Amino acid sequence: MELVIDRVSKKFQNKIAVDNINLRLKKGVYGLLGANGAGKTTLMRIICGILRPDRGTTTLDGYDVSMEEYRALLGYLPQDFGYYPDFSGEDFLLYMAALKGLNRKQAKRKSEELLELVSLKEVSRKKIKTYSGGMKQRLGIAQALLNDPKLLILDEPTAGLDPKERVRFRNLIAEAGKESIVLLSTHIVSDIEHIADQLLMMRDGQMIYQGEWEEHKGELEEFYLMQLGEESIHV
Amino acid sequence: MCNFSTLYFYEIKKILQKKMVWISFGIIFAFVIFMGVGDLFFSYEKDGAKVSAYEKIVNEKENARELSGREIDDSLLDEMKRDDTKKYDAIYQIVKYLINSDEEIRNVNESKLYQTRTDNIEQMFIDQRLTEGEIAYWREKEADIKIPFTYEYTRGYLQFIDLIYNLNIFMVVMLGISLSGVFADEHFRKTDQLILGSRYGKKILYFAKLGAGISVGTLGTVILLLAGTVLAFAIYGADGFHGVLQLVIIKSSWQLSVGAMSICLLAFTLLLALLYSVFTMFLSEGLKSSAAVMAVLLGMFFVTFFFNFPYQYRVPSQILGLMPAKILRAGGWADLRLVKIFGHYLMTYQFAPVLYFAAIVIFILAGKRMYERFQIGGR
């Protein structure tokens with residue numbers, strides 16, 4: 001399983017959002033760090049095939065990003081996760097499962113399993129508009145995992161989760177990373193520290209660092225700020 | 001197959017879960033019912049006594065049924081002129097379509113009546129600036145019309161035709177409210193990121209959405225049609241199916257029965273339901289805003305309904321004449337201009353369905369292209 005991003009670039013009017021990115025990712029968890037406007041979300045959208053780059057290609061095991069076979073292997077949780085307010089949680093997962101290609105039996109089984117996993121089983125028949133922000137986020141995580149994706153793209157997945165839920169989420173992702181490629185972008189450095197096998201750092205559309213992170217390298221936050229060319233702030 | 005039925009089911013659920021859909025349908029349904037029974041709420045005076053509208057309708061029906069089967073000739077016209085009991089009101093109304101002045105009606109005879117009709121038709125040829133070929137076409141059609149006309153009581157079909165004309169604007173409103181969000185809401189809610197990134201989120205989902213929208217639009221139209229039709233025929237009767245079209249549209253040269261025309265109108269309305277549904281969803285994806293879709297739909301309807309090109313501007317005038325708002329109204333049948341295709345002339349009501357089918361296919365394909373190529377960026 002290999003995701004190949006080859007010389008991908010994207011420009012919006014006068015701003016270069018993604019600048020000649022080259023990546024080869026295998027199984028594992030990759031933490032994507034970067035300031036606001038660094039190009040993380042744009043890169044993720046390109047990888048998910050919902051934004052066409054100006055240049056370059058993205059393939060997963062030889063399948064181009066535009067192909068149905070590519071999307072069949074993909075799980076995506078966007079930063080601003082949209083939902084249908086009058087659907088129940090269960091309805092939403094069954095709908096998403098149908099979109100992802102699961103048949104009814106698989107969809108039912110997988111939905112029940114994931115609702116249990118993200119602790120939404122008891123409210124699964126209630127309308128999503130009654131859910132709290134954290135519950136909606138957990139539902140979003142559940143839909144991303146429906147098709148046991150080989151490529152899991154998570155954009156700010158822990159936003160809105162309380163500390164306990166965040167820990168559960170990290171365990172979930174760590175487990176997923178054993179069999180899949182997980183690309184996770186976040187501002188919460190501690191999320192990366194605990195689960196990412198490799199770090200990717202972006203600034204102004206460019207990949208400025210790619211490598212493994214180990215504790216002996218010091219505080220990740222300081223390292224991150226150093227890479228961005230900013231001094232750390234000590235309180 | 002490809003989970004199409006599941007996706008179709010959920011797309012219908014999305015449409016029907018909106019309160020506005022049920023509210024607008026309920027209001028329009030109430031309108032249709034009121035149009036059907038509204039006449040029954042009035043009362044009239046006859047010979048100093050109050051008569052309910054229902055009694056009036058029953059009387060008119062009885063009088064008209066007594067006259068059914070008789071030719072509108074000198075004998076019947078003389079009886080009409082001598083009558084002061086309103087028993088011949090149905091005949092009087094037909095004569096009045098052609099001869100407006102009461103003074104002239106008092107002196108009308110069979111020859112004068114049908115000559116007036118012919119003169120009116122010839123004048124329409126001039127007013128509408130028909131070509132020689134078109135004039136020859138209509139004169140040939142007119143030669144096949146049997147004169148004098150045989151009267152049949154067709155009030156029920158008149159009500160049905162009125163229903164169809166009014167249904168046109170109701171459909172625009174109902175389908176606009178129901179279907180304007182089919183694609184637009186995905187962008188508004190930002191669920192487009194999830195669905196476009198999924199395996200069946202492009203081609204299969206597009207057709208599931210289209211299918212759901214067409215189903216809801218067509219079913220809503222059928223329910224309204226059914227309600228109005230049942231009321232029209234229950235109150236006024238379904239007599240006169242084989243009556244000549246000229247009893248309803250006196251200046252028409254079509255050799256068609258009232259019943260056959262009604263069936264054509266019914267089929268035409270269902271085709272319009274399909275066209276409006278597809279066009280609304282096309283706009284929904286193109287404009288990505290339900291409010292903008294409604295604005296465009298209503299704007300287009302009213303512009304095409306009220307605006308007219310003078311006949312001397314043949315091409316734009318004839319194109320406008322093919323718009324649903326122009327065809328499905330009382331004067332729509334009066335457009336005598338023809339479309340010539342491969343040496344054959346087609347009337348508006350023959351050419352419009354061909355045009356509408358082509359438009360439906362174009363909107364479906366163009367909408368699919370827009371939908372599949374949509375890029376989520378810059379937000």
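**Notes on chains A and B**

1. Chain A has 8 helices and 10 strands, where helices (H or I, at least four residues) and strands (E, at least two) are DSSP runs numbered from the N terminus. This is a predicted model, in which local features need pLDDT of at least 70 and side-chain atom pairs count only at pLDDT 80 or more, while totals for chains, interfaces and linings use all residues. Residues are numbered from 1 along each chain as its sequence is written, chains are lettered from A and ligands numbered from 1 in the order in which they are written, and side-chain values use heavy atoms, with hydrogens and water left out.

2. The radius of gyration of chain A is 18 Å, which agrees with the value near 18 Å for a compact globule of 235 residues; the radius is taken over C-alpha atoms, and the globule rule is 2.2 Å times the number of residues to the power 0.38. Along the principal axes, the C-alpha atoms of chain A fill a box of roughly 50 × 45 × 35 Å.

3. Of the 235 residues of chain A, 55% count as buried, that is, under 20% relative accessible area with a 1.4 Å probe and protein chains only. Among contacts (heavy atoms within 4.5 Å) in chain A between residues at least 6 apart in sequence, 66% join residues at least 24 apart.

4. Chain B is divided into domain 1 (2–39 + 153–377) and domain 2 (69–143), with bounds from an automatic or database domain assignment. The contact between them takes 18 residues from domain 1 of chain B and 20 residues from domain 2 of chain B.

Definitions and conventions. Buried means under 20% relative accessible area, exposed over 50%, partly exposed in between (1.4 Å probe, protein chains only).
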